[in-house]
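Hi everyone, thanks for coming.

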Amino acid sequence: YKMYTDIGLRPSWTDLGIDVSKLDTWNAIDRSKIEGVIDHIMYNPKSVAAVDGNIVEMKKPLSDHKPVWAMLELK
């Protein structure tokens, strides 16, 4: 994550104003643990902005990670 933000990429959470400090995308199988958000959609903010997006919560996970999505707008 730091490597990408250091070169100027932005996570969609920033444009969307979503505070991920109490959310998680890791360990979808054991829902008793909050392990943090480790899945991100990153882009160059000079040419793209996120206009919608979130973490997909599923009753029966398909993976150990929760899916994330974003609708992006080209500038």
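This is a predicted model: local features need pLDDT of at least 70, side-chain atom pairs count only at pLDDT 80 or more; totals for chains, interfaces and linings use all residues.

The C-alpha atoms fill a box of roughly 40 × 25 × 20 Å along the principal axes. Of the 75 residues in the chain, 24% are buried.

Now for the layout. The chain has two helices and four strands, and from the N terminus they come in the order α-β-α-β-β-β. Looking at contacts between residues at least 6 apart in sequence, 62% of them join residues at least 24 apart.

Let me stop at one residue in a loop. V20 sits between α2 (12-16) and β2 (42-43). Setting aside residues up to four places away in sequence, V20 touches W13 and V37. V20 is partly exposed, at a relative accessible area of 22%. Its C-alpha atom is 21 Å from that of E73, a residue 53 places away along the chain.

Next, the charged side chains. How many salt bridges does a search of the whole structure find? There are four. One of them pairs D6 with K2, with the closest N and O atoms 2.9 Å apart. Why is there about one helical turn between D6 and K2? Because they lie four residues apart in helix α1 (residues 2-6). D6 is exposed at 53% relative accessible area, and K2 is exposed too, at 57%.

Another salt bridge joins D15 and R10, at 2.8 Å from N to O. Here D15 is partly exposed at 28%, and R10 is partly exposed at 27%.

Then we come to E57 and K66, whose salt bridge has its closest N and O atoms 3.1 Å apart. Is K66 buried or exposed? K66 is buried, with a relative accessible area of 9%, while E57 is partly exposed at 49%. Through shared partners, salt bridges tie D24, E57 and K66 into one network.

The structure holds one cavity of 30 Å³ or more. The largest cavity has a volume of about 50 Å³, and E57 and K66 are among the residues lining it, along with others including A28, R31, M58 and H65. By class, that lining has six nonpolar, two polar and three charged residues.

Methods
Residues are numbered from 1 along each chain as its sequence is written. Side-chain values use heavy atoms; hydrogens and water are left out. On a 1 Å grid over the protein atoms alone, a cavity is a set of points where a 1.4 Å probe fits but cannot get out, and a pocket is an open set with protein on both sides within 12 Å along at least five of seven lines; lining residues have an atom within 4 Å of a point. Grid points are joined across faces, edges and corners, and a volume is the space filled by probe spheres set on the points. Ala, Val, Leu, Ile, Met, Phe, Trp, Tyr, Cys and Pro count as nonpolar, Asp, Glu, Lys and Arg as charged, and the others, Gly among them, as polar. Buried means under 20% relative accessible area, exposed over 50%, partly exposed in between (1.4 Å probe, protein chains only). Contact means heavy atoms within 4.5 Å.
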